[in-house]
Amino acid sequence: MGVPLASDARLASLEGRPPTVTTVCSHSSLQIFHGARLEGLPTIGIAVGKPPRFYDAFPRARPDRFLTVERHRNVPALAEQLRQAGAVLVPHGSFVEYLGAEEFGKIDVPVFGNREVLAWESDRRRERDWLESAGVEMPKRYETASEVDGPVIVKYYGAKGGKGFFLAKNREALEDFRPTGPYVIQEYVLGTRYYVHFFYSPLSDRGYRVGHGSLELLGMDRRDEANIDELYKLGAQEELLKAGIRPTFVVTGNVPVVLRESLLEKIFEVGAKIVERSIELFGGMVGPFCVEGIMTEELQFKVFEISTRIVAGTNLYISGSPYSDLLEPGTSMGRRIAQEIVRARAAGRLNEVLS
Ligand code: ATP
């Protein structure tokens with residue numbers, strides 16, 4: 001048995017009917033609606049402004065119906081309407097970032113996964129406490145600029161798609177940094193980036209057992225990040241700076257990757273530690289999460305970030321991935337979310353996967 005995350009009152013709107021998979025039209029929503037449809041669940045798309053016209057171009061992923069709001073922050077005003085429709089909200093990057101983790105946490109509609117996790121993810125210090133106390137290796141963190149003893153990356157809080165990050169190859173170069181908000185200074189890790197798409201199911205009693213359930217690996221990607229990924233064309237960061245261009249990490253797309261098979265063990269151990277610690281700290285992280293890290297040439301995997309919901313890199317694998325095919329062919333992350341809702345409902349365990 002997993003941990004109960006939702007009260008009976010919170011789930012009252014779902015009694016006697018299949019839940020309606022609901023999310024904001026953006027990010028990975030086409031995949032989420034497509035997956036729900038494959039599992040026989042109804043869908044609602046919340047559109048900001050008006051429904052995106054290009055959804056008409058994807059009939060197998062277009063939601064059954066749309067609700068519209070003027071701005072993201074008006075979504076909580078739809079709560080009554082959403083409960084009447086038997087909605088289950090599926091968080092994704094844009095939904096949580098534009099509404100705000102705090103507001104999302106308060107919304108009075110069932111949410112897929114444990115909403116408690118968003119408060120841990122959205123605060124870089126709390127996130128680090130969680131990961132470090134789980135025993136996960138992370139890039140070194142400097143409390144002050146005077147401690148810096150190598151290349152660093154300076155980051156602002158929140159998922160801003162790497163906007164405004166500052167790179168400095170040493171302490172002297174860091175003197176040029178002019179902060180515009182709360183930030184952290186981190187060791188710049190040299191290596192290869194991997195964004196690993198996990199799913200934790202508290203319901204499953206097979207596979208790679210972790211906590212009360214099991215951990216599944218559904219895919220992996222690497223992000224295309226403008227303009228840093230094009231740096232090699234100019235040779236070095238200095239060349240870009242001479243041209244008056246600061247390196248940025250604005251995500252513009254994703255490419256598929258696989259890991260050397262022998263490194264999979266390491267990756268699973270990292271995922272398992274993060275889930276186990278989440279159970280101790282706040283009742284557990286349920287459903288999709290992405291471990292974002294850098295594999296160094298010493299084959300150490302240093303985790304710089306965790307996203308505790310579906311990430312856009314999963315859009316690569318709408319018809320399955322080299323990993324999810326070994327679990328069940330044709331399973332996207334969106335479909336896996338819908339499957340978990342269907343399985344939990346059939347077992348009378350919706351309160352373990354919804355909050
Ligand atoms: P998002 O939430 O959209 O993932 P973010 O604003 O939280 O973005 P991070 O994911 O922490 O930012 O970092 C953005 C990018 O910066 C990463 O994808 C990676 O390319 C690079 N990066 C982050 N941390 C490090 C590090 N310690 N060493 C080297 N590169 C890093």
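For sorting residues, I count Ala, Val, Leu, Ile, Met, Phe, Trp, Tyr, Cys and Pro as nonpolar, Asp, Glu, Lys and Arg as charged, and the others, Gly among them, as polar.

**Ground rules.** I am working with a predicted model, where local features need pLDDT of at least 70 and side-chain atom pairs count only at pLDDT 80 or more, while totals for chains, interfaces and linings use all residues. Residues are numbered from 1 along each chain as its sequence is written, and side-chain values use heavy atoms, with hydrogens and water left out.

**The pocket.** The lining splits into nine nonpolar, six polar and seven charged residues. S11 (213-227), H11 (264-282) and H12 (333-346) each give at least two residues to it; helices (H or I, at least four residues) and strands (E, at least two) are DSSP runs, numbered from the N terminus.

**Helix H12.** How far does H12 reach from its first C-alpha to its last? I get 20 Å for 14 residues, close to the 20 Å expected at 1.5 Å a residue, taken as 1.5 Å times one less than the number of residues. Ten of the 14 residues are buried (under 20% relative accessible area with a 1.4 Å probe, protein chains only; exposed is over 50%, partly exposed in between). Among them are Met-333, Arg-335, Arg-336 and Glu-340. The buried residues pack against S1, H2 (29-38), S4 (87-89), S9 (192-201), S11 and S13 (287-295).

**Thr-20.** I found this residue in strand S1 (20-24), buried at 7%. Beyond its neighbours within four places in sequence, Thr-20 has contacts (heavy atoms within 4.5 Å) that include Pro-42, Ile-44 and Val-88.

**Phe-301.** I place Phe-301 in strand S14 (301-307), buried at 4%. Its C-alpha is 9.6 Å from that of Pro-139, 162 residues away along the chain. Leaving aside neighbours within four places, its contacts include Glu-137, Tyr-194, Ile-267 and Val-291.

**Cysteines.** How many disulfides does the model have? I count zero, where a disulfide is a pair of cysteine sulfur atoms within 2.5 Å. Cys-25 is buried at 12%, and Cys-290 is buried at 0%.
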